[in-house]
Amino acid sequence: MVDLDIEGTDKVSASDIKEKIVTSKTPWWEPFNPFVPPNYFDPNAWQADLRRIERYYQSQGFYQAEVLSENVRPVGDDAVALRVRVREGESTQVSSLEVKGLEEVSPEHRARALAELPLVQGQVFREEDWEATKELVRQRLRELGYAEAEVGGEVRVDVATRGATVDLQVTPGVRYRFGNIFIVTDPKPQVKPQRIIEQAQGAVRKGEWYSETALSEAQARVFRMGVFGAVKVNRAAPDRENRTVPVVVDVREAPFRSIRLGGGLGVDAARQEIRVLGEWTNRNFFGGLRRLTVGGRVGYAFIPTLTAAFDEIDTNGDGEGDEPNLTTPHGFVGELSVQFEQPRFLARDLRLQTTVTAERGLEQAYNFIGGRARGGVIWQPHPDFSFFPSYNLELYRLQGQRGLQDRTDVPTLVLGCEEDPCNISVSYLEQSAEWDRRDDPIAPREGYYTALSLQEGGGPLQGDFTFLRVLPDVRGYYTFGPNERITVAARLRLGTLLTPVVTNETGERIRQESAIVNRFFAGGGASMRGFNSRRLSPMNITNPGAEEPSARVVPIGGNSLIETSVEVRLKLFGQLSLAAFHDTGLVGRGPLTFGPRQDDIRRESSRVFGDYHYQAVGLGVRYLTIVGPLRLDLARRLNIGRPLPIFDPSTGQSTTMGGWGDCFGIGVQRDRDTPPQEKEYAGAPEGLCTFFLSIGEAF
C-alpha cells in the first residue's frame, strides 16, 4: 500500500476517516524500521472499509453520505494505490431534545445535571455526542448522591427532513448517603483494618452524600499508605430502606521490605557522570507502618567531559601536549541518606519525617563535603495537596578547587566565605506547599501543578547566613486536536534570595554575600535549555589561559531566577512524538526586580525585562518507554541580550567576555597559530547550541 486518497471530503476530515478503517498507507519511515513490515493490501478488508466509511459518516450526522466510486491502481510490480470518492450530502441537525425522568429532582440538581451538554438543539447530531451526553448526565447525578442513576433514551432520525428527535430518559433513583466502610484484605494482614478505615474516612464520611469523587479520593488515600500492591474502593449494594451506600475497600499487601538497585549516565556538554544507585526500605519499621529508608548513590563526575579530563596541555611551547591537564575537575561523588517517617503523627493526615544526608559533590566552581539534616511534619489532607514545614541544618566544607591538584583558583569570597578554609553552616526554616493536579507526573498531558517554597535562615536560628528565599513554580498542560495528539505545556518559575543590607569599607550600602549552596543556577535539560547544566549564571574567571572562552569561567550562582517555557508536543505514531519549545531564563546577581533599567550591573542582571533575560528555541523527540519518555532536545539560543555578567568579588567590579558563537564547534574558523576570533553576543562566552538526552519530560 503506497497511497490512499479519499476525495470529496469537506465537512468530515479525510484523516479522521483513515483512522477508522483497517486499510492504511505504508508510512514513509517504514524502510528505516526493520521491526515493522509494510502495510499490505487486502481486498476483503478494503470492501469492508468502504462500508465503514459510510457508517462513519452516519455516526457524524451525514446519513445521506455514500461511496460513489473506488479505484485500485497497480504501482509497479508489488504495490497498489487506492482512491475512493464520496458524496457527503447534508448533515442532520438536532431538531428537538426532550429530557424525561427528572421531575422529582430539585431544580438545582436538574440544572447541574443538564448544564452545557455536548448534544445541543440546532447543532449537527453526532453519535459520539449522544453517548457523551448520557454518560455525563449519569456521572453528574451520581456525584450528587444518586448512586443508582441510569440514563438511556432513543434518537429518531428523519433522513428526508434531516432532523433528529432526541429523547433522553433519566432514572435518577433515590439520593443516598455514605454508610459503613468494610475491609477486604489478606488472610493474615499486618495492617490493621482500623488503619485502613481511618484513611478512607478522610474522603468517605458516614452520613455525607454519596459521590464517586469521594470514592476515588479514598482509594488514593489508602494507596498512599505505601504498603499495598493493589487497592480498590467500590460501593456495595445500596441499602434502599435506610438510603445508605456501604463502601468496600479491597486491599492486597505488598512486601514490607524491598531493595532497589540501578544505575545511570548523565551526559551534558558541561558535565558527564556515571553512577550507581541503591535503596533499602522497611515499610513497617518496629510496627505502626513506620518507614525507614536508606539510600545511596556513588559515581564519578567529569567537568566538562570525560575526554577533557585526560587531555594533555602544552608546557614547553612546541604546540604538542606533553603534560596531563590537572586543572580539569573530575572525581568521585556520592551521597548516603537515611529517612524515617512516622505516619499518623498526632492526627490522621500528619506525618513526621526526618532525613539525615552525607554528601561528597563536585561542581563547576567548587567541590564539597557536607551533611544535611531535616525534620518536619507533612500535612496532606488531600491526595493532591501537601504542606511541609521543616527545620533544616546544613554543614559544608567548600573548596574552590579546579582539578586533581589542590589549587584554589576560585576565591573563597565567591563561595560566600571570608576565610579559607571555607567551612559554613546554614540553618533555616522552610515551608513548602504543593498542589498537583497533573494526570501523570512523568509525562503529563492534562492538568496543572503549583508549588511554593519559603526559606528563612539565620537570625535566632544561628548559622553563618541570614536570608529569605522565595521560589514559586506554576505549570499547566492542555491536550487537544484530532485524537488528542497535541499537548501544549507551559511553565513559570520565579525565585529571589534576599540577604541583609550592610555597609562596606567604602561606606556603600550593599547586600551581604549569600552562600553558594543557597543561590540559584539555571540551564540544563529540565531548566532553560539554551544553556548547559548550571551554566546560566553570573560567572567568575578562574582559568584565564584557556583557549576556549567558556572554559575560562565558572558559574557562581545568583540571587534571582526566572524560567519560562512553552512547549508544543505532537504525537506522531506509536510511541514517537515531536516537540517544539521556547524557553527563557535569567539568573541575576541581586534580588529579582521589575523596575527600570539600572546602571549597576548587579541590579540590571536581575531585572525581569532586562538585557540578561535570555531566550532559546528548539526541537525535541520523545519515545515513550515503561519508565517514561526518552527525550532528546536540541536548542539554539537567540541573540537577544548581552553576554553573561562576570564578577570579581574581591573588587566588586563586573565585566563581560566574548565567545566563539559556535554550535557544537560548527561555525568556528580554526587555525593552528591563530585562535578563533571572539565576539560578543547574548549569553557569551557560552556556545549558542545545546543538546540534552534524558528520561522524563522537561517539566
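Student: Which residues of H4 are buried?
Tutor: Asp129, Trp130, Thr133, Lys134, Val137, Arg138, Leu141 and Arg142. Buried means under 20% relative accessible area, with exposed over 50% and partly exposed in between (1.4 Å probe, protein chains only). Helices (H or I, at least four residues) and strands (E, at least two) are DSSP runs, numbered from the N terminus.

Student: What kind of model is this, and how are residues numbered?
Tutor: This is a predicted model: local features need pLDDT of at least 70, side-chain atom pairs count only at pLDDT 80 or more, and totals for chains, interfaces and linings use all residues. Residues are numbered from 1 along each chain as its sequence is written, and side-chain values use heavy atoms, with hydrogens and water left out.

Student: Back to H4. What do its buried residues pack against?
Tutor: Helices H3 and H6, plus strands E5, E6 and E8. Packing here is by contact, meaning heavy atoms within 4.5 Å.

Student: And what follows H4?
Tutor: Glycine 145, with a positive phi near 110°.

Student: New topic. How many disulfides are there?
Tutor: The whole structure has 1 disulfide. That is a pair of cysteine sulfur atoms within 2.5 Å. Cysteine 663 and cysteine 689 form it, with sulfur atoms 1.7 Å apart.

Student: Where do those two sit in the chain?
Tutor: Cysteine 663 is in the loop between strands E32 and E33, and cysteine 689 is in E33. They are 26 residues apart.

Student: Why is the disulfide right-handed?
Tutor: Because the torsion about its S-S bond is about 45°.

Student: Is cysteine 689 buried or exposed?
Tutor: Buried, because its relative accessibility is 13%.
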